[in-house]
Structure formats: structure tokens, C-alpha cells
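Subject: Structure for your review

Dear colleague,

Please find below the structure that I am handing over to you.

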Amino acid sequence: MLHINDLHAGVEEKEILKGINLDVQPGEVHAIMGPNGSGKSTLASVIAGKEEFEISKGNLSFEGEDISELDPEERAHKGLFLSFQYPVAIPGVTVTNFIKTAINETRKAKGLEDMPAGEMLKKIKQKAEMLEIDRKFLSRSLNEGFSGGEKKRNEIFQMAMLEPKLAILDETDSGLDIDALKVVANGVNKLKSKDNAVIVITHYQRLLDYIVPDYVHVLMDGRIVKSGSKELAKELEAKGYDWIKEELV
Amino acid sequence: MSLKDKLLSSYIAFEDHLEDDSPIHDLRNNAIKVFEEAGFPTKKEEAWKYTSLNALLKQNYSVFPKSEATVELKQVKKYFLHDIDTYKLVFVDGVYSSFLSETTHDSIDVCLLSSALNKPKYKAVIEAYFNKTAVKDSLTSLNTAFAKEGAYIHIPKHKEVEKPIEIINFSTGNEAAVLLQPRNLIVVGENAHVQIIERHQSLSSNAVLTNAVTEIFAEKRAFVDCYKIQNDSENASLVDSTYVSQQQESICRVHTFSFGGKITRNNLNFYQNGERCDSVLNGITILEGKQHVDHNTLVHHMAPNCESHQDYKGIFSDSSVGVFNGKIYVEKDAQKLDAFQQNNNILVDDKATINSKPQLEIFADDVRCSHGCTIGQLDEDAMFYLQSRGIGKKEARALLMYAFANNVLESVKIPELKARINKLIANKIGVSLGFEL
């Protein structure tokens with residue numbers, strides 16, 4: 001589904017990703033862990049198409065198609081979703097109106113008519129219930145004055161509405177208390193199927209107790225230096241990252 | 001003949017036609033002298049540094065439109081707030097249109113300045129208020145000299161006017177170029193409430209220059225809510241001078257929505273004469289092409305325990321030009337003041353310009369005055385966020401612009417007007433977002 005081969009990318013002259021290799025198949029959950037500044041969020045942004053980053057070398061393909069030149073919205077239309085660590089506030093645009101716009105823009109790109117209002121409402125209601133989001137929340141301005149937990153829950157709500165093939169969750173666990181974490185993780189698990197895949201980017205093992213990964217990768221200094229099973233995450237939690245550094249020397 | 005000379009010679013003819021016992025006869029004669037001496041403002045004057053009227057003044061304006069033009073209701077209906085009931089004062093090429101208007105004398109006066117200036121029963125009000133707050137600058141003096149027609153609104157004390165009052169000046173373009181000088185007088189009595197919507201609208205692409213003056217008097221505890229809709233055609237220019245004189249505990253709010261026109265200059269002057277006044281000056285400016293809008297504001301604080309809030313947002317595309325010149329003047333006695341001024345701008349294109357100049361002159365020692373000004377582009381992280389949800393660049397930009405201006409829009413207290421302005425903004429930004437903004 002997602003195929004990344006020897007990917008180098010950075011901002012202007014500064015290379016941040018220094019040769020990433022990653023393969024994600026449908027039905028899989030991958031976790032990417034690593035210390036601060038290792039390039040985790042950059043990797044997420046490059047996959048989603050943030051203009052600021054330039055790919056200098058390597059391949060980035062999604063469902064067999066090179067997506068490295070596509071705009072972020074075109075990647076979204078193909079079924080990519082990035083849950084942001086710091087979602088942006090849009091005063092005056094409600095959560096409901098925002099998600100309607102996102103869904104209908106995607107449908108428009110595929111040559112489809114707008115989703116009928118009744119169907120939209122039904123879907124919103126169903127997904128909101130799944131994530132224990134109440135009605136009042138949906139008529140608030142997007143991310144404006146939201147708590148950390150509300151922002152993350154709203155990100156997962158949008159993911160649930162957009163039903164992406166590949167979702168990248170960037171630090172979705174940060175700022176969440178344990179109850180909110182469970183709700184969010186539960187939502188992600190319910191959305192999982194044999195046809196879609198999830199990449200979880202996190203500092204901590206905590207989230208991986210609830211969203212259980214098939215593979216764990218360690219990102220350090222712009223490279224994936226170690227990959228393993230979910231046991232690797234537990235080892236990292238117990239021992240930190242230094243032992244990997246030593247192993248590499 | 002220059003426009004100035006033309007106006008001076010027209011004045012003689014104009015004055016000949018007026019009755020000599022008009023209470024403002026002397027005011028007119030004095031005003032034309034001020035204009036004669038000062039002439040039109042030029043860029044040499046500090047207050048006009050960024051806005052030149054030169055190109056406009058070269059037009060051969062008709063100073064007194066010849067015939068009474070007729071306008072069909074269906075032609076102009078869209079400019080009214082037709083989904084709710086309103087009082088209307090409609091002028092076509094400077095002439096009152098009784099057919100399009102809805103006036104009243106039922107416990108309040110919503111009628112014509114021309115009759116107020118001529119009928120004895122209004123004499124006391126005219127003498128007490130007319131031209132009492134207007135500054136004697138050249139353009140305001142020019143308007144005073146020719147003051148003849150416009151809105152006359154008098155709300156007696158304790159009266160809450162239930163319907164908004166619309167003041168609309170249409171120009172038909174029946175003549176190649178026309179100069180209009182409407183003059184409005186609005187007196188709001190103690191504890192009275194009123195909402196006013198003001199609009200200047202050209203119905204053709206012919207040149208129009210409007211030199212409008214509005215005086216607003218808010219007595220003790222009065223509440224005045226005023227909305228200016230500036231979405232005029234490409235050859236219509238406007239100098240709109242508004243003078244607001246506030247007494248103790250009054251609240252006056254003026255919102256200016258500048259989306260259209262060629263050159264627009266807003267002189268908005270607030271004078272706080274009594275304690276615990278509150279003044280609100282808000283604006284949204286969205287320009288494109290070569291449009292030019294200059295907001296020149298003054299809040300003059302003379303009494304203690306008052307507040308003022310200014311919030312102007314601007315979005316400038318193409319080679320449009322914006323000016324914000326905001327002055328807060330605090331006299332020695334205006335202690336315990338809370339004055340706030342904010343001007344935020346987004347430059348969408350490299351050729352767009354904004355000149356933003358806050359001016360604070362403070363002679364009191366126990367006040368809180370804050371001001372802030374930002375000039376920037378749309379936030380790239382925010383763009384990426386919206387695009388990553390499948391929203392195209394153009395629509396994402398529109399959403400962010402809308403969000404940027406939103407807090408000003410939120411303070412519009414007439415829901416139908418707010419919906420209307422939302423639509424104007426959506427049209428202006430040029431997108432359909434699949435939901436009503």
C-alpha cells in the first residue's frame with residue numbers, strides 16, 4: 001500500500017530524512033518511535049505532502065502510484081489521512097461544516113455529487129457516538145478553545161468520517177489522559193479493517209497497549225535503525241534509546 | 001475649470017435658491033470659505049499621505065444631477081435587507097425617492113434632512129445639533145456648504161426602535177460623472193436604542209464621487225449600532241466622514257465593511273464627552289485589483305472611566321492598497337481609561353500594500369491603552385492542515401480568510417445582516433464552500 005524507498009528529504013539545504021525504507025500493507029499497524037528531533041513528524045509531513053519539505057532522493061508511492069509530486073489535497077483524495085499533533089483553529093467554521101466541506105471536496109475530486117444531507121447527518125451522528133462526542137461539540141468552531149484531548153478526539157472523528165485507506169497518527173496520545181486515550185484508541189481500532197492501515201507515531205509505549213502494532217520501527221537521525229515486533233516498544237519503554245545508539249556504533 | 005472652481009461658482013447659484021432665513025445659512029457661508037481656503041486635501045497633508053484624490057478630481061462631475069431619475073424596485077431590491085422589516089431612506093442621485101422609502105413620524109422621526117432644515121418644528125433640534133460635532137476640515141466643510149438632503153433621524157428618550165433603519169444612496173449613472181454630497185443627522189435621546197445600516201451604491205459603471213457626512217449624537221445611556229456596507233462598483237469613490245458625539249454611559253458601535261469601490265476614505269471620529277462611554281470601531285476590508293481603502297479613525301477621550309475598542313481586519317489581493325491610521329487621543333481628565341486598538345492584515349499577493357499607523361497621544365497618567373498591528377501571509381501550517389483533509393488550495397485559502405475576519409463578523413447584531421455580509425464575503429473571496437458561511 002505505502003512503499004517508501006531510500007527517501008531523503010529536508011528543508012532547503014538541511015537534510016532531515018536520510019534514507020527511509022518502509023513498507024506498509026493493508027491490514028497492518030506500524031508504530032514509529034524515536035527520540036525528539038529524530039524526524040518522526042517530518043516523515044509524517046512528507047508522506048502527507050507538506051510543501052515546505054523537499055524530497056531530494058528516493059521513492060514515495062501509494063497503491064503503486066508515485067505520489068511525491070501530488071498536492072496534499074490530492075493525496076487526501078487518494079485515501080491518505082494525517083492526524084495532526086497540533087491541529088489548527090478555524091474560528092467561525094463549525095466542526096460539522098468543516099467535515100462536510102472536507103468530505104464533499106473529496107467527492108468532488110472523484111467526480112461524485114455532494115453527499116446527501118440526510119446521509120451526512122446520519123454518518124456524523126454514528127461516528128460521534130462511537131467517539132463519545134456530544135452534539136454541542138459539533139457546533140463549536142473547529143479547534144477553537146478545544147482542550148488537548150478535544151483536539152485529538154476531533155482529529156480521530158475526522159478520520160472516522162473520511163475513512164482513509166492509510167491513517168498516520170502523529171503523537172495522537174500527547175495531551176490525553178488515560179480515559180481519553182482509551183476512547184481514541186478504541187475508535188481507531190473500530191475503524192481498522194483488512195483493507196486499511198495505520199501508522200502510529202509516538203514517544204511512548206502507552207498508546208501501543210491499546211492500538212497494538214504489528215511492527216515497531218525506531219527512527220533515529222533520519223533513518224529507521226531498528227525494526228521489530230510489539231515487544232521492541234516495550235524494550236524501548238524500559239531501556240530508553242541509548243542502547244540502540246550503542247548497538248549502532 | 002477645476003472642480004474646486006466649479007464648486008465655488010456653483011455655490012453662488014445654489015445659495016441664491018435657498019431661503020435666507022434657514023437656520024444654517026451662516027454655517028453654509030462660513031463653510032464654503034473654509035473650503036475655498038483649504039481646497040481639496042493633498043498627499044502633502046499627513047492625514048492624506050497614503051491616499052490621493054488627484055485622479056478623481058480630474059473628472060468633469062455634474063454637481064447637481066439634472067433630472068429626477070427613476071429606478072425600478074426590482075432593479076435595486078437586492079441592496080435592501082428585504083428579509084426583515086426596516087425603515088428606509090432612499091436617495092437616487094441625491095434626490096429623495098418616496099417610492100422606495102419607508103419613513104415615519106410615529107413617536108420617532110425617520111425622515112429627510114431637507115424638511116428638517118426648512119420646517120419650523122425641527123428648528124430647535126437643528127440649532128442644537130447640526131454641524132456641532134463635524135470638524136471643520138475642507139471636505140466636511142464642502143459638504144456643509146452644500147448640505148441639503150440626507151437622512152434626519154431623531155429618536156426621543158427611552159425609545160427602543162424595533163426595526164433597523166436603512167440609509168441607501170443610489171447613483172444611476174444617467175450622467176457621465178456625478179458628485180454626491182449626502183448629509184445625515186442622527187440624534188439619539190437618553191436611553192434610546194437604534195440600529196442603522198448605511199450604503200452607497202452605484203447602479204452603473206459611470207464615475208461617482210460621494211462626499212458624505214454623518215453626525216451622530218448619543219445622549220446619556222443611548223445605544224447606537226451602525227453598519228456601513230461598502231461594496232460599490234469599480235468607478236465609485238467615497239469619502240465618508242462620520243462624527244460621533246457621546247454623552248455619559250452611551251454605547252456607540254460602528255462597523256465598516258469595505259469590499260468594493262475604487263477609492264474609499266473613511267474618516268471615523270468619536271468624541272467621548274461623558275463618563276463611562278463605550279466606543280466600538282470594527283472593520284473588515286477585503287480588496288482586490290487596484291482598489292484602495294483608507295481607514296482614518298480617531299477616538300477622543302475627554303472623560304474618565306471610558307472604554308474604546310478598535311478592531312480592523314484587512315485582506316489585500318492583487319495590487320490593492322489598504323491604509324489604517326488609528327488615533328487615540330486621551331485628555332488629562334480621561335483617567336481610568338481602557339482603550340484598545342488592533343489592526344491585522346493579510347497580504348495575499350506580493351504587489352498588495354498596507355500602510356498601518358497607530359497614533360497614541362496620552363495626557364492622562366492612569367490609563368490602559370494597548371495597540372497591535374500585524375501584517376502577514378496566510379499561515380502555511382494552517383493551509384497544510386486544511387489541504388491534508390482534502391480541501392483544495394483555493395477553498396482552504398477562503399476558509400482561512402473567513403476565519404481571520406470572523407471575530408469582527410461575530411459582533412454584527414442583526415442576524416439577517418450578518419448572513420448577508422457572510423454572502424458578500426464568500427462572493428468576494430470567490431468560492432462556494434458547500435455550506436452557508
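In this predicted model, 21 residues of chain B are in contact with 25 residues of chain A. On the side of chain B that touches chain A, α8 (380-387) and α9 (393-410) of chain B each supply at least two residues. The largest share, seven residues, comes from α9(B). By residue class, this side of chain B divides into ten nonpolar, seven polar and four charged residues.

As general background, nonpolar side chains tend to be buried together in soluble globular proteins.

Turning to those two domains, the centres of domain 1 of chain B and domain 2 of chain B, taken over C-alpha atoms, are separated by 32 Å. Their contact takes twelve residues from domain 1 of chain B and nine residues from domain 2 of chain B. On the domain 1 side of that contact, β8 (193-202), β10 (223-230) and β12 (251-258) of chain B each supply at least two residues. The residues on this side of domain 1 of chain B comprise seven nonpolar, three polar and two charged.

A further point concerns helix α7 (residues 138-145) of chain B. Seven of its eight residues are buried, so the helix is largely enclosed by the rest of the structure. The buried residues of α7(B) are B:Leu139, B:Thr140, B:Ser141, B:Leu142, B:Asn143, B:Thr144 and B:Ala145. What covers them includes α1 (3-16), α2 (25-38), β7 (183-188), β9 (207-218) and β11 (236-246) of chain B.

The packing of α2(B) against α7(B) may be described in more detail. Their axes are 8 Å apart, and the two helices pack at an angle of about 145 degrees. The crossing in which α2(B) passes α7(B) is left-handed. From α2(B), the residues B:Leu27, B:Arg28, B:Ala31, B:Ile32, B:Val34, B:Phe35 and B:Ala38 meet B:Ser138, B:Ser141, B:Leu142, B:Thr144 and B:Ala145 in α7(B). Eight of the residues in this contact are nonpolar, three are polar and one is charged.

Yours sincerely

Conventions
Residues are numbered from 1 along each chain as its sequence is written. Chains are lettered from A and ligands numbered from 1 in the order in which they are written. This is a predicted model: local features need pLDDT of at least 70, side-chain atom pairs count only at pLDDT 80 or more; totals for chains, interfaces and linings use all residues. A residue is buried if 20 or more other C-beta atoms lie within 10 Å of its own, exposed if 12 or fewer, and partly exposed in between; C-beta atoms are placed from the backbone. Helices (H or I, at least four residues) and strands (E, at least two) are DSSP runs, numbered from the N terminus. Two residues are in contact if their C-beta atoms, placed from the backbone, lie within 7 Å. Ala, Val, Leu, Ile, Met, Phe, Trp, Tyr, Cys and Pro count as nonpolar, Asp, Glu, Lys and Arg as charged, and the others, Gly among them, as polar. Axes are lines fitted to C-alpha atoms, for helices over the stretch in contact, and angles run from 0 to 180 degrees between N-to-C directions. A crossing is left-handed if the near helix is turned anticlockwise from the far one by less than a right angle, and right-handed if clockwise. Domain bounds come from an automatic or database domain assignment.
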